[in-house]
Every structure is written in structure tokens, then in C-alpha cells.
Amino acid sequence: MQDPIASHLLTAIAVISLAALLIAAGAVLISWAVSRLYRACRHRLGAGRPVPPGQPPIAAAKEPERPDWHTMPLDRVAAALASDPSGGLTQAEAAARRQRFGPNRLAEAPARSPWLLFFSQFKSVLILVLMAASALAAFVGDLQDGAVILVVILINALLGFYQEFQAEKSLAALKKMLALQTEVRRDGRSQSLAADLLVPGDVVMLKAGDKIPADGRILCAHALEVDESSLTGESLPVAKQSQALASISLPLAERSNMLYMNNAVTRGRAEMIVTETGMATEIGKLAGLLAQSEDAATPLQRQLDGLGKRMAAIALSVIGLLFTVNLLRGEELLQTAFTSIALAVASIPEGLPTVVTVTLALGLHRMARQHAIVKRLAAVETLGCTTVICTDKTGTLTLNEMTARSVFYQGRNFRVTGSGYRPDGEIRPADGEKAPSDLSRLLLPLVLCNNSHVRENRALGDPMEAALLVLAAKGDIDNEEIAFQWPRLAELPFDAAHKFMATFHRQDEKIRLFIKGAPEVLIRMCRFAAGEEGEPMPMRPEALLAQNERMAETGLRVIGVAERTLLLHDFEHEGDLFQYIEDLTFLGLIGLMDPPRQEARQAIRLCHRAGIRIKMITGDQKITASAIAKELGLSGRVIEGSELAALDDRSLSALIDGIAVFARTAPEQKVRIIQALKAEGHIVAMTGDGVNDAPALKTADIGIAMGITGTHVAKEAATMVLADDNFATIVRAVREGRVIYENMVKFIRFQLSTNIGAILTVASAPLLALPLPFSAVQLLWINIIMDGPPAMSLGIDPCRDGTMSEPPRATEARILSWRRFGNLFAYGLTMAVGTLGVLYHDLLNGDEAHAKTLAFTTFVLFQVFNVFNARSERETAFNEQFFANKMLWLSILGVVILQFIATHWPPAQLIFRTTELSLSDWLTAGGVAASVLVLEEMRKLLRKAVSFFRSGKL
């Protein structure tokens, strides 16, 4: 008879726990409804800048009529923004505008509260069925079992909550990795200011290397070039100027007098007046596209959800059948109810959610140590079944370091060794002959017609110009000495309109003009009188254009170099400099390329070996993209965005597998590519760092953003962030994902075989006129405590050989296939026969408590031997990895010790209703339990022998 105080205490625990679970369920439903309402309102109103105080929401959400800033004269721009370009805003006005427009940052999804994160742990089908079993136990009066079940549920929820809360904290720390500061003119003086404090009308000063903090119109520019690859996908810097443009409908890439948030200045300096901040910027518009995509369930989540539903269906069917049969046999209603509770507990793998959470969390932490931060636990596994990785080129597959690769001079080709901004290379004739002594004539203009610098093997300024400085250094040119000896008198900056840059230098009583630019432009301005004195290359224009074409076809960005000598008295440096750009002497061609990362090339080879396809998506032109793909080892068709636009969805799906490179793509086309791949059944991973990658990152099964160079929007859209920006980390993530999935299959096989054995044992006992061998608490002890540690140790089993030499598993492959279920049923049948046999044999002695304790211990020891069956599905368990997992052996030792405590410690005996066992009892239980491993090893040996005989190798 139960103690009254203990009974009341257990009743209170059960009532409080049930109330907490009801509150949790209500909170989950409310949060779901609120989130659906929020998404509906957001979709209806649109994303934009915060609503100013006192302004109706609809007016704020509606897209405002914005001035065409790029077509307006500067005085009108300043007037429209009520700003003084010479003095900037006052602090008071800036504060008022910040109240009106809000902070200059992109909108972020609100973080889930800890309570909501905790309540979300109760959405699993398995947990809901277990909650029903607890309620049933309390209803029929078994408060102790009901309370224990609720405690197990709460422990599982707390564990899942802790792991996901830690993952969200890691992401929050990553967001604070960089704090952008910018130089602003306020109250007539310059000051450094946090970028999120900017408002429309602020005057910002920028120089080479600065990140642009907001959208703005250029007030003045000096040799300004900007890297807009994160917005437009074009990897080469674009020239900027301050004059108003005529056309209103110009695309962003051609608005040369505008600067856009999150791009970077690569050369020159400028002053800009801020026109848009926060979500009203162009990058903010792209960020708004992300709200239209829903997070899809991962393959693992879908499989586990399906598995839980199937197990619940099986459980309900068996329980209903047994309940009906027992009632028809005249069993008491209360006893039948207790039997049903025991079956419900036996049939549900309660430990499965816990072990899945822990295993994924362990994988998350291993990935974090390898510089990959995962935002969702289940996403760790998704990479393991990835069939396609779509990746951006610039900065992801390549170094984002322009390097000179080829030189054409005096009719000969030269090869340039080395890479990046390190001068540890040389210029070698392609024909193997000795280089000409006057190679310096070609290299001299590369130093003088240049505004960049190289410091400590890093480019300061335009990457292409820095590559030319390195090329000159490889030709033994002292850049600093040459610049000192040849003072610059004037400059014509590069402009997209004329496609060249020219500088003028004094040499005694002469002026030397050096010019570099597009070869086809320079060739038209050169003279080609073959054999004339001073003509270094007696080639016709047609031959030079053909050579330019040949170099471009190899993926090189080709620039031409020319010169001209003027008399000092004929030169006016304050006059029209364009009048001197004629009668040039053509010197040669330089071919440059942004080299691929060495580790990316190796990673792609590993992906191909693992059956994973790589598709490069870039904004570069087709020829350049094709050459980079060839160097990286990518083979397949190359198409441009214009060709992609001409394909309908069906045609694209038919061709998608054969395409390796997508060039000149727009952001919406990247999304379309991902959707076509997913429609063909692929599990798609997308890597990228730019804003133009963000919608595709969100659409992909798993998006992978770069943590260092990646934009804020890309990191928000991605599922995983690479802290080291290393493409090779993705391969390690793929390997980790495959290992995690294999280990999950191991412990799922282990736990389900235990559940099948428990179902068969509990269901068969009444049919054989035997007492129930386990109580509901004992079954929980088996499924959570006895199964949990070995199952979790299976989750960290080491990677087996050949993991990355196999193709990805089929997306439709089930964790519980019929063949696998057959094996698990055989294990469960062995456990049931052995446990009931021990129970029946010991009942002959007349001590039911002792017999049930011995059967309980036998079933626990079955799991000790069954764990080795789970480790190896086809090969013998006694392989080279038998002792590799130390945690497995420690968990087995822990299980044996805990079971000894459950049967021999008096307080535990009261909870589990057990009695002491003798040494012979333990040996009997161990000997019977070992049969599950012995029989499985015999089956594997027989199968191997049959396969050997069928192969005809005897």
C-alpha cells in the first residue's frame, strides 16, 4: 500500500506536469497562429523602412515615390535631402531624422524567446504519444508511472532546448564579429561614427578599402572604383563619377554616380550624400525577397516525422487489438489498462528524440571546431545527403586576387609564374628561348600608369593594378625607384566610356605618355607602319586583335599597353588631355586571371569522388567563367543568363544536370536554378557571400554563407556560416553529415529493435498466460537509461573507410526499409523469446518478483550485446573498429552498473519493484542475452558464404 504523503506528492507532481504540458501545447498553437498572422501581414504590407511616428501603417508600407537620384544635378539632390554638402547635417537634425527613419541596419527576424524555444520541443509525434500514455497512467490511478513519464519528457525537452539555445547564441556572436565605422561630416567637421547611426542627408567620406555604409549619390570622386560584386555579381571593380546621368531606366550596374550599401571602395576617394538607409537601400530590397521563402524541413526531419507516425500507428493498432482480446478473455478493466500503458511505453522510442538531439548537437560542436557554425541542428545532417553544391565564384572558389598569367610582347608569348600579390615568380618565354633584354619597355608603363600599391603581399586599391605592379616586380622593376624617377604631370583616369587610363610623365625635355586599357580601343588609336624606327612590334591590327581573342578564350582578362613620346613645349597639362591620345605605339598585351583556390580544387575532386556535382554560378562573362571552371576541374556545359532566360522551366529541368557553369546570372535566376535542381530530386547546397546569393541561399536545402567576407544578408539567409571562408570546409561538413547519418541509422536500428523486442515481450506474455515482465517505469528505464548511453555513444562512432567514396544516398531511401525492419524484427523476436523463456523458467520456482527481476535484467543485457549488431549492418561486428569507440565501452560498463544498482539498492528496488539476483542469475541472464549477437554473426557468416559460392571463386 502506498504511503499517503507520497501518494499526494505524486498526485501534485502529475497535476502540475499535466498543467505545464497543456500550457506548452497552448503556447505552441498561439505562437503558430501569431507567426502565420505576422507573415501574412508582412506579405500584405511589404518590407520597408520603419513607420515614422504618427504615420498610418499602410502609407509607410507602400513603396514611396523616390527621386531618380542618378539623373538629378547635385544642387537639386542636396536640396531634396535638406543637407549642406560642405558642412553636413547638424547633430540635432541627425538625431531627429534617426527618430524618423530608424537605425541604418537591415531588418532582422525577431529572435525566438527562450520560452517559445522550450515549448517547441513538444511538437514531436513521439512526444505527444508519450504524453498521452502519461495521461492514461494518471487517469487509471498509476500516478507514480505517470509522473516518471512526465519527468522523462521534461528532461528531453530541456536537453533539446539547451542545445538549440546554444546554437542561437553562437549565431548571435557571429553577427557581432564586425562593427562598421564610417567617416561623416556633421556640424562642419569630420568625425568617425557607427554606420547604423547614419541618416538620409549625411555626408560620408570614403577612401580605398572602405565599406559603403548606405546608398548615396556621389558628390565628388577622384579616380574612384568600387567593387560591386556582392550586389551585381560582377567581379571586376567599376569606375564611378559624380555627373548626372540622362537615362532614368539605367540598371544598377550602370548608375556610375551612385554608391550602394555593403559594396567596397577599391580605388580612389569620394564624398557621398546619403539618399537611403536600412531596408530602403538596394540591399534592403534584396533582403526583402527572403521573407517570401519558407524554411523547408530537412530530409532527416521528414524521415523521423514519418517514422514517428508509423510507430504510433503500429502502437495504437497493437494496443487496440490487445485491449480488445484481453477484455473478451475476461481480464479486469484496470489490469487491461495497465497492460495498454506498458505497451504504449514499450512501442514508442522515447529515447529517439533525445539521442537525435544530442547526436546532432555533437555534430554541431565538431563543425564549430572546424570553422562552420550551424544555425539549426538538423541541418548538420543535410549536407550528408547533398547531391549538388551550387557555388559562387568570386572569393569562394577563387582567391579574389588578380594575377598576371600571360604576356604578349614583340610577337612572342610569355608565361608568368606565381600567384596572388607575392612577387615570387618570373616571366618565362613560352617557347623556352631567352627573354629579350628590353622587356622593361613593356613593364615600365605598368608601374607608372597605376594608382594602387602592394603592402605585405596585399593589394591596396584596384586588384588589377596591384597585379600589374607584381608583374613588373617579377621582371626586376623597382616600382618605388621608377615612380620617383618619372614624376607624374597629369592623368586621365579610367572611365567606362573611353575604357583606358593614361598618365603623363616628364623625361628631360620630353613627355612620355603611358596608357593601358581595352586592347580593341587602344589598337584603333595606334600607328602600325611596319619597320618604322621605334616600332617594337611590326604586326598588323588584325593580328593583334586575333591574339587578343585567343588570350580571352583562355579566360584571361586582357589589357593592352601603349605609349607615346611628346616634346615638352608641345604639352599643356591643364589643357584637353584627350588630344594627345593618338598616334600611339602599341607595346603588348597582358592577360590576368583571378586564380582559383588550391583547396577548392582539391575539395571539388573529393566531391566528385563522393558523387556530388558542383555547379558554379557567377556574374562573370562566359569565357572567363569557362576557363576558371576548367582549372577547377569542372566539366560540362556553360550557359549565360540570357540563354537561361530563354529556357522555360521544363527545358531547364531537362538540361540542368549537364550544365556545370552559369555565367552572367541575375539573383532571381540563381533561385530558379536551385528550384530546377530540387524539382529533379536533388538535395541542393548553395554557397555564397554576396547579397545576390542570399535568395538562393534561402531557397536551397542548405545555404552556406561566408563568415568573413559574407554580407549581412547572406549570413541571415544561410543555414550554415563558414567562419574561415574556406570552400574545403564544406567537404569536411559533407563528410561529417554522412557520418552523422550513418550513426543515426545505427542508434535507430538499436532503439527500434529494443522497442520491437519490448512490444513482442509485453504483448505475448498475457497470450501465454504469463504475468507482464515489465512495468511502465521499467520500460522507461530500458528505453531511456539503458538504451540512451549506448545509443548516444553510437552517435560518435568514428568515420569508417570509404565514407567519401560512395554516392549520396537516395533521397527517397527510408531509415526503416523492409529489409532493415526484417532484421530488427529478428532481433526483437530473439529478445522476446529469451526474456519470456527466462521468466517462464524462473516462475517454476514460485517467486514471481524474482522471475520478473531476472527477466527485466535479461532484457537489459540483451541491449548490451545488441549494440554491436547495430554498429555493423553487413560486416562482422568484430572488425578493426571494434575497440575504436571508447565511449561505447564506457556506456556499456555504465549500463551494467546502473542495472546492478536497480536490482540491489533498496531505494531503487522500491521504484522499480525488483529483488536481488545471485551471481548465477547474472550469468544466466548474460548467457541468454548473448544469443542475439551470436545468431546475427552466424547469419552474416552464412550470407557471406552463400555470396562466395555464388561468385564462383571456390
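With a relative accessible area of 35%, E426 is partly exposed. The side chains of E426 and R428 meet in a salt bridge, with 2.5 Å from N to O. This pair belongs to a predicted model, and a search of the whole structure turns up 22 salt bridges.

Another of these links involves D657 and R613, whose closest N and O atoms are 3.0 Å apart. Because D657 sits in the loop between α22 (649-655) and β22 (659-663) while R613 belongs to strand β20 (residues 613-617), the pair ties together parts that are 44 residues apart in sequence. D657 comes out as partly exposed at 35% relative accessibility, and R613 is partly exposed at 37%.

The salt bridge between E936 and R939 has its closest N and O atoms 2.7 Å apart. Here both residues lie in helix α34 (residues 931-950), three residues apart, or about one turn of the helix. E936 is buried, with a relative accessible area of 4%, whereas R939 is partly exposed at 28%. Elsewhere, R749, R819, R820 and E873 are linked in a network of salt bridges.

As for the chain as a whole, its secondary structure amounts to 34 helices and 25 strands. Of its 954 residues, 54% count as buried. Taking contacts between residues at least 6 apart in sequence, 72% join residues at least 24 apart. The chain exposes about 42,200 Å², and carbon and sulfur atoms supply 59% of that area.

Strand β10 (residues 403-409) runs antiparallel to β19 and is joined to it by six bridges, with T403 standing opposite M593 of β19. Strand β18 (residues 557-567) also pairs with β19 in the antiparallel sense, over seven bridges. In that pairing, E563 has T585 of β19 as its bridge partner.

Loops supply buried residues too. Q241, found in the loop between β5 (238-239) and β6 (258-259), has a relative accessible area of 18% and is buried. Beyond its neighbours within four places in sequence, Q241 is in contact with I218, A221, S256 and N257. With S256, there is a polar contact of 2.8 Å between the two side chains. A polar atom of the Q241 side chain also lies 2.5 Å from the backbone nitrogen of Q243. The C-alpha atoms of Q241 and A270 are separated by 9.0 Å, the two residues being 29 apart along the chain.

T387 occupies the loop between α13 (379-382) and β9 (388-392). This residue is likewise buried, at a relative accessible area of 14%. Leaving aside neighbours within four places in sequence, T387 is in contact with G611, I612, R613, H682, I683 and P808. R613 in that list is the residue that forms a salt bridge with D657.

On the surface, L893, I897, L898, I901 and W905 form a nonpolar patch, with about 460 Å² of accessible area together. One of them, I897, is placed in helix α31 (residues 886-904) and counts as partly exposed at 44% relative accessibility.

Note on methods:
Residues are numbered from 1 along each chain as its sequence is written. This is a predicted model: local features need pLDDT of at least 70, side-chain atom pairs count only at pLDDT 80 or more; totals for chains, interfaces and linings use all residues. Side-chain values use heavy atoms; hydrogens and water are left out. Two strands pair if DSSP finds at least two bridges between them. Helices (H or I, at least four residues) and strands (E, at least two) are DSSP runs, numbered from the N terminus. Buried means under 20% relative accessible area, exposed over 50%, partly exposed in between (1.4 Å probe, protein chains only). Contact means heavy atoms within 4.5 Å. A polar contact is a pair of N or O atoms within 3.5 Å; within protein, one must be able to donate a hydrogen and the other to accept it, and residues adjacent in sequence count only if both atoms are side-chain atoms. Patches are made of residues with over 30% relative accessible area and no salt bridge: like charges are joined within 9 Å, nonpolar side chains (Val, Leu, Ile, Met, Phe, Trp, Tyr) within 5 Å. Accessible areas come from the Shrake-Rupley method with a 1.4 Å probe; for residues, only the protein chains shown count as cover. A salt bridge is a side-chain nitrogen of Lys or Arg within 4 Å of a carboxyl oxygen of Asp or Glu.
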